[in-house]
Amino acid sequence: MVPAEGNFISPPSGPGRKSNLSHMKSCLTILTLCLFYICSGQVKSLNKSNFFELKGKLIGRDTGYIVLWFPDTSGIYVRDTSYLQNGDFKFQGKVKEPSFAHLIGSDKSGNFSNFFLEAGNQSVVIEENHFDKMQMKGSKTQELNDSLQNELHQISAQTSDLEKQKATLDSALKNQKNYNQRGEQTIKELGTRINELYDEAINKRLNFIKSHPGSYVSVTELSGLLIVNRYPVNLIKPLYEALSTRVKNSRAGLYCLKEIGIRSKLTTGNYLSNFQADDIKNRHISLNDFRDKYVLIDFWASWCAPCREATPHLKKVYNQYHSKGFEIIAVSLDRDKDQWKKAIQKDSTSNWVQILRRGEMESIFKPIQAIPQEILLDQTGKIIWSSLDNNTSTWTETLANQLKFNQDGKSVKRPDALKLSY
């Protein structure tokens with residue numbers, strides 16, 4: 001799966017969609033940066049128990065400054081600066097609850113770290129250009145997080161080694177003129193093992209969340225699974241509901257709940273909001289124009305290789321079912337209109353509706369941050385399959401079953417009462 005331009009590659013939206021573990025750490029950094037300006041809840045009366053002091057030592061640089069980003073007692077991230085004295089620095093302030101904080105050094109790579117800051121006295125030792133090796137004492141939440149991350153790092157290291165082996169072998173085989181069956185089999189086996197390690201990492205995080213319902217680490221991991229890993233929202237919900245009341249009411253907990261609500265709108269059983277756009281043929285189209293048809297909303301982009309690799313399959317299904325009431329609306333995340341048009345011309349996909357994600361669609365399809373993604377609507381405009389769900393069948397199988405169902409004379413027209421909410 002490929003992210004919108006400018007983002008990191010996102011892991012699968014459900015079982016069967018695999019990705020590179022090496023991106024998980026950087027993706028989590030982006031996730032936490034996105035939380036900087038999230039405010040949840042009102043300011044409550046606080047006492048000295050909310051006070052924190054963070055003392056630190058920077059090895060490799062004696063002068064300059066260090067920046068701390070942390071959520072204050074109102075839940076808004078604030079920026080504090082401490083000037084180094086022989087590499088020593090200190091921060092003081094108040095926090096409402098254990099929260100993800102960030103230490104930022106110079107502009108060079110490696111001078112950024114994430115950690116859990118909480119009330120009380122804490123200390124850190126960091127090294128210039130290697131903030132990821134930070135050693136922290138005094139935060140029980142961070143100690144718990146370190147334990148989990150160390151286990152995940154071991155899996156990540158194994159995956160990285162296997163990916164290097166796979167890439168090297170793949171490159172060698174491409175340079176050979178003769179087909180190498182043994183080499184192809186080895187590549188397949190390496191890919192299988194990489195996918196197994198990915199699943200192992202996901203399961204380790206899931207098990208942690210289940211066994212630590214009262215930990216702020218759990219809700220942060222849950223947010224990462226939902227937003228970064230695109231984990232199915234119908235599997236996220238019960239995990240969230242099992243968290244302690246205190247954690248669910250935290251800044252991160254309320255943020256997670258908000259994201260669940262947003263994403264749930266694009267999952268099975270909901271009606272997709274109407275949207276309008278001008279297609280590639282300069283026709284003004286509205287989703288309401290496709291009432292009484294089965295519609296696949298296909299999210300793609302000209303620069304998304306997996307999306308375009310799926311084109312032959314889309315053509316096959318379109319040709320097979322179009323005459324029976326099936327339509328495709330391809331929504332592109334392209335920003336370069338010329339590249340979008342060239343890709344459609346090259347792939348010969350102008351038979352179905354081609355539009356760009358613009359205007360009102362930006363808010364309707366906000367959860368679609370990685371592609372390819374698909375949403376299938378029935379004749380009433382209800383979502384009957386979504387790649388944001390945990391699916392046991394493909395959208396093609398769902399469509400075939402629905403059309404067979406209708407051919408048996410059991411199709412149901414859209415109730416008039418639902419037309420306005422389409």
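**View 1. Q142 counts as buried, at 4% relative accessibility.** Buried here means under 20% relative accessible area, with exposed over 50% and partly exposed in between (1.4 Å probe, protein chains only). Q142 sits in helix α2, residues 140-174. Helices (H or I, at least four residues) and strands (E, at least two) are DSSP runs, numbered from the N terminus. Setting aside neighbours within four places in sequence, Q142 is in contact with F115, F116 and M136; contact means heavy atoms within 4.5 Å.

A note before we go on: this is a predicted model, where local features need pLDDT of at least 70, side-chain atom pairs count only at pLDDT 80 or more, and totals for chains, interfaces and linings use all residues. Residues are numbered from 1 along each chain as its sequence is written, and side-chain values use heavy atoms, leaving out hydrogens and water.

**View 2. Helix α3 (residues 181-211) packs with helix α4 (residues 216-227).** Their axes, lines fitted to C-alpha atoms over the stretch in contact, lie 9 Å apart at an angle of about 140°. Angles run from 0 to 180 degrees between N-to-C directions. That makes α3 oblique to α4 (under 35 degrees is roughly parallel, over 145 roughly antiparallel, 65 to 115 roughly perpendicular, and the rest oblique).

**View 3. Here are the residues where α3 meets α4.** From α3 come I202, R205, L206, F208 and I209, while α4 brings V217, S218, E221, L222, G224 and L225.

**View 4. The whole protein has 12 helices and 17 strands.** Buried residues make up 48% of its 422 residues.
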